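Q: I would like to go through a structure with you, one topic at a time. Could we begin once it is on the screen?

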Amino acid sequence: MLCLFTLLIGIALFCDVSRSSAEEHVFAGVGSRVLLPCLKTPLPHGVNRGTTVHWFKIFSKSAERSVWRSEKSGLEFWSSLTNKRAKAHQPRFHSGDFSLAVEDTRMSDAGRYRCAVSYDRENFQRFIHLHVMQVSPVTAGPFIEGSSLTLRFSASDWPQGARVSWLQNGIVLQSSRKYQIRERSLDIKDLDREDSGNWTCQVSYQGHTARVSYTLEVLGISSPPSSGSVVYGSLGLPATLPCVFSAGLTPSHTGWQWRADSSVVPVSRAAPSGRDASLLIPSVEFRHGGVYTCSGSVHGKRIERSVRLVVASVSVKPSGLVSEGKSVSLTCTLSDYSQVDRFEWTKVTANSNQTDPTDPPKQASVLTSKGAKLGGLNSDRTFLIPRVSEQHAGEWVCSLYSKEILVGQIPFQLHVTGQLQGSALAQSSNKVAAVTLLSFLFVVLLLIALLMYRYQRKRARRNLHFPGLEAVRTEQSKKSREEKKSAEALKEDGP
């Protein structure tokens with residue numbers, strides 16, 4: 001019986017030693033943070049008191065170097081292998097977690113590690129094999145639209161049975177005309193702007209997965225990002241067709257072509273400004289509608305992008321000034337309706353809380369799912385106002401939607417005349433008449449004053465030449481006044 005008990009204890013000890021010495025594989029990408037696990041469960045009693053933790057990197061069966069060490073006193077020691085990039089979290093020791101965290105993982109960190117823990121009179125150890133991975137392009141950038149690229153997956157060492165798969169922005173890739181998947185590389189043909197993003201190599205081994213990524217930026221024409229974009233230009237207003245190359249690129253031989261009615265016509269434009277080769281149409285007309293193609297050369301690659309110009313306008317019936325109380329209809333007309341499935345009418349209102357003059361004006365939606373707020377009736381691209389009022393006057397916007405995405409806005413002005421405007425005109429006319437009358441009276445008074453001034457000057461000049469005559473006149477005038485006073489006094493006394 002004693003022999004059987006001893007045998008069972010030996011088997012248990014052997015299993016525990018085997019479990020402790022089993023090697024665990026961990027995968028990490030270059031530059032990432034990796035955790036080398038070293039766990040002890042169930043948790044031994046008193047493991048947090050007087051615990052010594054020592055991490056080693058194994059170079060051979062007989063050679064290993066210290067990476068990080070924590071003594072019973074709590075003091076920590078680092079080696080030059082990781083230069084303080086590796087550390088275990090001491091507060092977690094009480095839960096049996098002695099894992100080592102390595103920051104900014106490098107290829108030189110790959111290899112086998114040993115975790116040795118001593119507490120009281122007991123000790124245990126764990127073995128970890130760290131595999132460091134990297135995804136990088138075979139050729140150096142920049143990577144231009146239309147070119148090809150090969151991404152290579154490299155690892156410090158490769159465990160037997162590990163499998164690799166490739167993902168773009170989280171989506172698993174399959175071999176196709178554009179993508180050629182090999183064992184540890186990926187060929188990408190005919191690069192375009194949509195290929196920009198994260199390209200990931202996923203490694204699966206023993207039920208665990210690890211990923212390492214490379215962020216690819218494809219340079220070319222950044223705006224618009226792809227061909228087929230649509231610009232909605234308002235009739236009579238300027239419109240800009242974008243063609244902006246990626247930052248850092250200096251395109252050469254840039255130009256535009258216009259395709260309309262099955263003919264291709266070169267379009268002249270001002271000299272390009274750096275990477276901006278956009279085309280400005282000063283005043284849009286309906287004949288300008290069609291497909292425009294911008295092109296330029298970068299590092300020997302010819303890049304082009306097509307843009308469709310759709311001409312839009314808003315017509316008002318009746319045209320011209322609309323009388324208050326009358327019916328008016330607003331119609332949004334496009335040269336191409338294929339990309340628009342919904343119209344929405346809005347009226348621009350002043351922002352009462354606006355303090356910065358550069359703030360955009362508010363747009364109060366006129367239509368709701370239940371009807372219209374300002375008494376209007378919506379019918380597809382036409383908006384009918386049965387009785388127009390002063391509140392309808394001002395700036396309006398016809399908004400164009402494609403699959404609930406706003407793709408264009410067409411502004412226009414609605415002019416409304418009514419009683420208030422008529423009285424304002426009358427008041428203005430009265431003010432003009434009053435100002436005219438006052439001006440006339442002022443001129444008359446000025447003439448009278450001028451005549452009196454001239455008369456006084458003539459009289460003064462005459463007296464200067466005949467002073468005796470002036471004395472006689474003065475004496476006669478005095479005598480005449482005295483005789484008049486005497487006659488008035490006799491009348492008052494009576495007969």
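Q: Which residues does W68 touch, not counting residues up to four places away in sequence?
A: W68 touches V53, H54, W55, E76, F77, W78, A86, K87, A88, F93 and L100; contact means heavy atoms within 4.5 Å. Please note that this is a predicted model, in which local features need pLDDT of at least 70, side-chain atom pairs count only at pLDDT 80 or more, and totals for chains, interfaces and linings use all residues. Residues are numbered from 1 along each chain as its sequence is written, and side-chain values use heavy atoms, with hydrogens and water left out.

Q: How many residues does the largest nonpolar core have?
A: The largest nonpolar core has 24 residues. Such a core is a set of buried Ala, Val, Leu, Ile, Met, Phe, Trp, Tyr and Cys residues joined through side-chain atoms within 4.5 Å. Buried means under 20% relative accessible area, exposed over 50%, and partly exposed in between, with a 1.4 Å probe and protein chains only. Among the residues with the most contacts inside this core are W55, W68 and L100.

Q: And which elements give two or more residues to this core?
A: Those elements include β2 (34–36), β6 (86–88) and β7 (100–102). Strands (E, at least two residues) and helices (H or I, at least four) are DSSP runs, numbered from the N terminus.

Q: What is the order of the open sheet of three strands?
A: The order is β2-β7-β6, with antiparallel pairing. β2 and β6 stand at the edges with a single partner strand each, so one side of each has no neighbour in the sheet. Two strands pair if DSSP finds at least two bridges between them. Three bridges join β2 to β7, and L35 stands opposite A101 in β7.

Q: Changing topic, why is strand β36 largely enclosed?
A: Strand β36 (residues 394–402) is largely enclosed by the rest of the structure because seven of its nine residues are buried.

Q: Which strands are joined to β36 by bridges?
A: Six bridges join β36 to β30 (residues 342–349), antiparallel, and R342 stands opposite Y401 in β36. Nine bridges join β36 to β37 (residues 405–414), also antiparallel, where E395 has Q413 as its bridge partner. In the hairpin of β36 and β37, with two residues between the strands, K403 takes a positive phi near 55°.

Q: Lastly, where is S327 found?
A: S327 is in the loop between β28 (322–323) and β29 (328–334). S327 counts as partly exposed because its relative accessibility is 40%. S327 and P386 are 59 residues apart in sequence and 4.4 Å apart in space, C-alpha to C-alpha.
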